[in-house]
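Subject: Two-chain model, handover and findings

Hello,

Here is the model you asked for. My notes on the sheets, the helices and the contact between the chains follow below it.

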There are 2 protein chains.
Amino acid sequence: MIKVVILGAGNVASHLFMVFSKAENLRIIQVYNHRKEKLKYFEDHTNTTNNISDLKPSDYYVIALKDDVIPEVVENLKDRSGIVLHTSGAVNLTVLECLSNFGVFYPLQTFSKNRPVDFAEIPVCIEANSAENLEKIKKLALEITKDVREVNSEQRKALHLAAVFVNNFSNHLYTLGAEICEKNQVDFSILRPLIKETASKIESLAPKDAQTGPAIRNDQKTIEAHLRLLPNKNKDIYSILTQSIQDFHGKKL
Amino acid sequence: MIKVVILGAGNVASHLFMVFSKAENLRIIQVYNHRKEKLKYFEDHTNTTNNISDLKPSDYYVIALKDDVIPEVVENLKDRSGIVLHTSGAVNLTVLECLSNFGVFYPLQTFSKNRPVDFAEIPVCIEANSAENLEKIKKLALEITKDVREVNSEQRKALHLAAVFVNNFSNHLYTLGAEICEKNQVDFSILRPLIKETASKIESLAPKDAQTGPAIRNDQKTIEAHLRLLPNKNKDIYSILTQSIQDFHGKKL
């Protein structure tokens, strides 16, 4: 049985806790968080502590905390022989290099409270300080997903950036779409099939081949009508994305 | 049996042709397009013509042509007693007002060549010159979808604009994400589960409640690191969307 200690009690930590708990060959032996009150949920299921000196000996220490606090936490793990993993898209592997055994375990997905995800489909990007540890981390990842990928720190940072575009920014465009609906007394639900199809399309088409709309058609009349309809605060977003589509696809403005 | 003539041979026309063909109580009696060579596919299935004076008498004339040519086509339909429908998100109902019976039949979806869509889930926005015709158009729409909505011209234009945000612009963000992957020798497929989940989330959450990422956390360190990684041409897009997320959610920059 592989023993795991989770450090953190936020969204990523909670989702990892749930999926690790279900894995056949893993056991979460402890959850750490510096704020005791955040440990309430975990107390019913495993040992918890808010004192980082009290961590149990374990095969893995999985850090699912804010990027900023990782270096400080790592300082407190120096004597541990288990493999210490961080789960961040943006933090270099080298932040862990004062340790003996370390690596990265970055699940490329968006986690929201109270929304379960199917981990089996989630790519987990792994990196390690040695070939041997890489194999071990791979084994850990395969306990929860089919999709394990070796990704170096530079690639992971690029992926994290790409994720901001396809996830955070797309979601904000949905928010702006919802705002337009609301202002015009139309139920936002009417856009859901379109949003779903937009995302599904790229299962079979490269996104550049799936591009449609007034920008790629260079339909100036529609573009101008849209700009007139938009509140000032959103005109720039419309213009800059229209321009970017036209630049990317080699259209003249 | 309801008789339908389709005017147009592009993406929307082709998808409407396919779904109308399958409907129990409809018959497509003719497809018109001014360029004969575009009618090839339809010739095997129904009567076709490239002469607009040769249109057959029909219950419906469904115009699925570029917005710009609608007024000219309408001129040629003046003597028709059937209901003339346009399928555009951006064109006012009034463009048809020289006719006797007219309306709008706007399927809110993105159509790509060779990609079948499940019409039953697609909202069709309808509008008409009379209550009686509205009922008839509703009946037509219900032949192909469960989701028929009465939407006036102003609302439809707003929806068309919202669709540009959630569909065209989101897809372009996928394209930029794919570009980042390519530059870093990572397979774009790794982002697909994230894209899928981003779109699925809003089935159960309002998009504003699903927002995550460095912008809403006001994580300046990550934002700055991302800006350093980006090529110049995409820095503005990143900044303007980050700013918009922070403005929307009331965060200080």
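In strand 3 of chain B, B:T48 stands opposite B:V31. Strand 3 pairs with strand 2 (residues 26-32) of chain B in the parallel sense, over 2 bridges. Strands here are DSSP runs of E of at least two residues, helices are runs of H or I of at least four, and both are numbered from the N terminus. Two strands count as paired if DSSP finds at least two bridges between them.

This is a predicted model, in which local features need pLDDT of at least 70 and side-chain atom pairs count only at pLDDT 80 or more, while totals for chains, interfaces and linings use all residues. Residues are numbered from 1 along each chain as its sequence is written, and chains are lettered from A and ligands numbered from 1 in the order in which they are written.

Sheet of chain B

The sheet is open, with 8 strands in the order 3-2-1-4-5-6-7-8 and mixed pairing. Its edge strands are strand 3 (48-49) and strand 8 (148-150) of chain B, each pairing on one side only. Helix 1 (residues 11-22) of chain B lies across strand 1 (2-7), strand 2 and strand 4 (60-63) of chain B, and runs at about 155° to strand 2. Angles are taken between N-to-C directions and run from 0 to 180 degrees; axes are lines fitted to C-alpha atoms, for helices over the stretch in contact. Helix 5 (residues 153-183) of chain B also packs on the sheet, where it touches strand 6 (102-107) and strand 7 (124-128) of chain B.

Sheet of chain A

Chain A has an open sheet of 8 strands in the order 3-2-1-4-5-6-7-8, with mixed pairing. Strand 3 (47-49) and strand 8 (148-150) of chain A each have a single partner strand, so one side of each is left without a neighbour in the sheet. The twist from one strand to the next averages 25°. Strand 1 (residues 2-7) and strand 2 (residues 26-32) of chain A pair in the parallel sense over 6 bridges, and A:I6 stands opposite A:V31 in strand 2.

Contact between the chains

Which rotation superposes chain A on chain B? A rotation of 180° does, with 0.0 Å of shift along its axis and an RMSD of 0.0 Å. That is therefore the relation of a two-fold axis. The superposition is by least squares on C-alpha atoms of residues with pLDDT of at least 70 in both copies. In chain A, the C-alpha nearest the axis belongs to A:S170, 2.6 Å from it.

In the contact, 78 residues of chain A meet 78 residues of chain B, a contact being two residues whose C-beta atoms, placed from the backbone, lie within 7 Å. Helix 5 of chain A gives the most to the side of chain A that touches chain B, with 25 residues. That side divides into 42 nonpolar, 21 polar and 15 charged residues. Ala, Val, Leu, Ile, Met, Phe, Trp, Tyr, Cys and Pro count as nonpolar, Asp, Glu, Lys and Arg as charged, and the others, Gly among them, as polar.

Helix 10 (residues 232-248) of chain A packs against helix 10 (residues 232-248) of chain B at an angle of about 150°, with their axes 10 Å apart. The two helices are therefore roughly antiparallel, the term for angles over 145 degrees. Among the residues that meet there are A:I237, A:I240 and A:L241 from chain A, and B:I237, B:I240 and B:L241 from chain B.

Regards

Definitions and conventions. Parallel < 35°, antiparallel > 145°, perpendicular 65-115°, else oblique.
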